[in-house]
Amino acid sequence: MQSHGKTLAGTHKLGLGRAPDRLLTRLAENESVLIGACKLLTAAVTANSRITPAGEWLLDNFYLIEEQIRTAKRHLPKGYSRELPRLADGPSAGLPRVYDIALETIAHGDGRVDPESLRRFVASYQSVTSLKLGELWAIPIMLRLALIENLRRVAARSAAGRIDRNLADSWADQMIEIADEDPKSLILVIADMARSSRR
């Protein structure tokens, strides 16, 4: 973490002027993806379908995720992040530098953050480039936003897997039904399945 903090500080280039505040919009998008994934997984459980351990975790802990989203909305007033220094380039171009630091902390800690590793990461970053006081104050809310972003990726993967399994179940049901009723037509169902998978 310490070495990555120094490397990251060396690559960050700040942009000039203000950029639009995209964090609240991104938070709303993340919330929408998380809710959609939970609805899909809940429907699967209701239909007595098995879901992945990640999906189970998401459903079991969704009330905590919703609480964190509400907290993030409360602690990130509109326009707040416009005052923070923004990155000029890279995947986080236009976003606050401290948000990218939070994303990198989460990514390099495999989603786990403890106070000591965070302290070391930020200290090593600042051994190359100093952060403004407002950025240091923003670290907790940015970590919350970055964790929600990370959970969105997990939820999206779980939802995509569930959609694929639902589609596979549907094709399997169709094939079983045709094999029972008209075995000669099974090849047509398989051809339809192959065509639809190429789209």
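In which helix is the place of Thr105? Thr105 sits in helix H5, which covers residues 97-108, where helices are DSSP runs of H or I with at least four residues, strands being E runs of at least two, and both are numbered from the N terminus. Before I go on, please keep in mind that this is a predicted model, in which local features need pLDDT of at least 70 and side-chain atom pairs count only at pLDDT 80 or more, while totals for chains, interfaces and linings use all residues. Residues are numbered from 1 along each chain as its sequence is written, and side-chain values use heavy atoms, with hydrogens and water left out.

Staying with Thr105 for a moment, its relative accessible area is 1%, so Thr105 is buried, a term that means under 20% relative accessible area, as against over 50% for exposed and in between for partly exposed, with a 1.4 Å probe and protein chains only. Leaving aside residues up to four places away in sequence, Thr105 touches Met1, Val113, Leu118, Phe121 and Leu143, contact being heavy atoms within 4.5 Å.

Let me turn to the charged pairs. Side chains of opposite charge can pair when their charged atoms come close. The structure holds eight salt bridges, each defined as a side-chain nitrogen of Lys or Arg within 4 Å of a carboxyl oxygen of Asp or Glu.

One of these links Glu149 with Arg26, whose closest N and O atoms are 2.5 Å apart. Because Glu149 belongs to helix H7 (residues 133-181) and Arg26 to helix H2 (residues 23-46), this pair ties together parts that are 123 residues apart in sequence. Glu149 counts as buried at 7% relative accessibility, whereas Arg26, at 28%, counts as partly exposed.

Glu149 also forms a salt bridge with Arg153, and here the closest N and O atoms are 3.9 Å apart. These two residues are four apart in helix H7, which means that about one helical turn separates Arg153 from Glu149. Arg153, with 39% relative accessibility, is partly exposed. Through shared partners, salt bridges join Arg26, Glu29, Glu149 and Arg153 into one network.

Finally, which residue forms a salt bridge with Glu31? That residue is Lys73, with 2.8 Å between the closest N and O atoms. Since Lys73 lies in helix H4 (residues 62-75) and Glu31 in helix H2, the pair ties together parts that are 42 residues apart in sequence. Lys73 is partly exposed at 40% relative accessibility, and Glu31 is partly exposed with a relative accessible area of 22%.
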